[in-house]
Amino acid sequence: MLWLLFFLVTAIHAELCQPDGENAFKVRLSIRTALGDKAYAWDTNEEYLFKAMVAFSMRKVPNRETTEISHVLLCNVTQRVSFWFVVTDPSKTHTLPAVEIQSAIRMNRNRINNAFFLNDQTLEFLRIPSTLAPPTDPPVPIWIIIFGVIFCIVIVATMLLILSGIQQHRRKNEGPSEMEDTEDKCENTITVENGIPCDPLDMKGGHINDAFMTEDERLTPL
Amino acid sequence: MAISPYLGGVGLGCLIVSFLVSLYYNTILTWVLWYLLNSFQHPLPWSACPLDLNRTGLVEECWDSSAVSYFWYRQTLNITADISDSGSVQWQLLVCLAASWAVLYLCVIRGIETTGKAIYFTALFPYLVLTIFLIRGLTLPGATEGLVYLFTPDMQVLRNPRVWLDAATQIFFSLSLAFGGHIAFASYNPPRNNCERDAVAIALVNSMTSLYASIAVFSVLGFKAANDHGRCLDGNILRLINAFDLPDQSISRDDYAAVLARLNTSRPEWAAGLHLDTCRLEDFLEKSAAGTGLAFIVFAEAVLHMPGAPGWAVLFFGMLFTLGLSSMFGNMESVITPLLDLGVMPRGVPKELLTGLACLVCFVSATCFTLQSGSYWLEIFDHYAASLNLILFAFFEVVGVIYVYGMKRFCDDIAWMTGRRPGLYWQVTWKVVSPLLLLTIFVAYISLLASTPPSYKAWNPQYEQFPSRQEKPYPGWVQAICVLLSFLPALSVPAVALVQLLARRRRKQQDVQQDVGPKLQDGGVC
């Protein structure tokens, strides 16, 4: 009689937890990718911890506070490491709805990840999307701060240059007027022939077509 | 004007072309400045896609393309899908445009006085950064593949004449010929200057710098290609492992090919059902783009994978900014110096005011590039405003100096300046080779433009093959603007020649009338 009951129970368990079964989720772990040399082996003790974490998550859901570790069933454990799990109700006859399990896992995802030293990418619950972390936006975008600094420097430097230019201009204007009072004016006559000025400075080495020139050419001033 | 007033239109045309070029060139500087300002944070803003509204996934446009492309097309340009759809002015770009024009004004405020000091920094800093990038790039994995790709000639590609045409135009614009910038800067030299040595030095330094920069760039691109290839392989390996439930990390990148071959023979239908990508290193190497795509997408992504990414990003975009700034000095000189020489402003007006007005006018005109369709317009300006006109002006300059002014007089001038007459090489190239080459390039360019209808590549998220860019033809009014840009500056040559002809004729009539009338006075006494 006891043997019959035992077979019945295991048969029901086997039916409840099946790949692609109703309310079953596939879990995939990439321990070696996450931890490299410090990777641990996946054995039945780790499976027990996993069942405990799932039961813990389900206990946080209202109306499911009586979930036990034995209610979480694992099956099809592969070398990848991947497996399927379901959570049954206390009577162990049917599985809890997928929506409840999804929301419970999402709420406690961080605790489950930390228990295994993994993260959202290395401990994957297929069909349970994880809430992405909100980006940390500083109150003032950084580029505006740096832009403000650079712009202020540029404005200040431009003002300084313009002011020094005005000061130089004023000094030049005052200078010649003093000289005019003290000395005689030297008439600087520009000799003209046929309307073309005879430029005493032969600074331009090239031959300029004087027939075409009607205004005096000056060097580009600094 | 000193050579022949009929060719005065060349100078005026150079002024117009320099004005158009400085408009769009400073917009590129604006983009560089925007990226530079955004590089001072970790993680870099183009490293990850932003989340969508209910925080369950990434923004769809970003998911389909890539985080770097999304940052460039959406968060920087906010680009529209069509050139006729102008959109609104992007305020962040407008602010950066104002800043870059302010920096430029600061450097050219007193002309060569301030430019000469600023250029010590803007010319030397890029060399320093290039050296740093070269050393860093050569130590990255995958750099050797990039360099091998750079230096192995591809015979198939070299047989295409279009490639040679592109190379000729590239060296022409790289040396900034016919912009008027060289002439403007050279006018500040003492009259007895060894211009032959300067010319050779400019050409040599330009080519050496291009080679140096390409070695640095291609070593980083090789690193990026190797990185992408590795990630492609990793994606395939993960898919294999997940499908066959093999232990984690059991297939390394080297074993992948062997394992795939074994699977293909034993279970071919499974391997086909996995949708594995073909990962070839050559495909990733060939993806390197040119122009804005190279700097803002390819290189920005490459910088992401280097350790200490924000520092490298700051260095790279700082180098680009100083490079662009020094080019803008040349452009602004060739705009401001002719205005000064023509005596446009009355004499009492200080130089600072003239440069300020020039910068203000350019800034206001360039705001059209900060519209959402601005980058499409920039491509138009880049392709059509400068190319044909400069080739034409260079042709007129060479012909004007050698044939109108006279080869003998020109050689005498050079002998006076440098102490010896130019050799046979110079004389042959001036008389024959250069005009012929320029004419050939001009004709080839025009025939190329005329044969293919001009089109552009638009960024359209609704396109079926997104993220590929959608090829669209230009609407009629845009094509008219392209033609206008190509020929308006060049028209100044015949226009000025015509004006001069009419002026001379009127003056000759006046002189004839004066001779006939009574002689009131002799000419002045010398």
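Predicted model: local features only at pLDDT ≥ 70, side-chain atom pairs only at ≥ 80, totals over all residues.
Local features need pLDDT of at least 70 and side-chain atom pairs count only at pLDDT 80 or more, while totals for chains, interfaces and linings use all residues. Residues are numbered from 1 along each chain as its sequence is written, chains are lettered from A in the order in which they are written, and side-chain values use heavy atoms, leaving out hydrogens and water.

**View 1. The largest nonpolar core has 113 residues.** A nonpolar core is a set of buried Ala, Val, Leu, Ile, Met, Phe, Trp, Tyr and Cys residues joined through side-chain atoms within 4.5 Å; buried means under 20% relative accessible area (1.4 Å probe, protein chains only). B:Y35, B:W46, B:W101, B:F317, B:M332 and B:I380 touch the most other members. Helix α1 of chain B (residues 8-37) gives the most, 15 residues; helices are DSSP runs (H or I, at least four residues).

**View 2. Meet the surroundings of B:W101.** Leaving aside residues up to four places away in sequence, its contacts (heavy atoms within 4.5 Å) include B:S22, B:N26, B:M332 and B:F363.

**View 3. Helices α18 (residues 387-418) and α19 (residues 424-451) of chain B pair up, their axes coming within 9 Å.** They cross at roughly 170°, so α18(B) is roughly antiparallel to α19(B) (an angle over 145 degrees). Axes are lines fitted to C-alpha atoms over the stretch in contact, with angles running from 0 to 180 degrees between N-to-C directions.

**View 4. B:N38 sits in the loop between α1 and α2 (60-64) of chain B.** B:N38 counts as buried because its relative accessibility is 4%. Among the residues B:N38 touches are A:W143, B:P45 and B:F71, not counting those up to four places away in sequence.

Note on methods:
Buried < 20%, exposed > 50% of the residue type's maximum accessible area, 1.4 Å probe, protein only. Helix = DSSP H or I, 4+ residues; strand = E, 2+ residues; numbered from the N terminus. Parallel < 35°, antiparallel > 145°, perpendicular 65-115°, else oblique.
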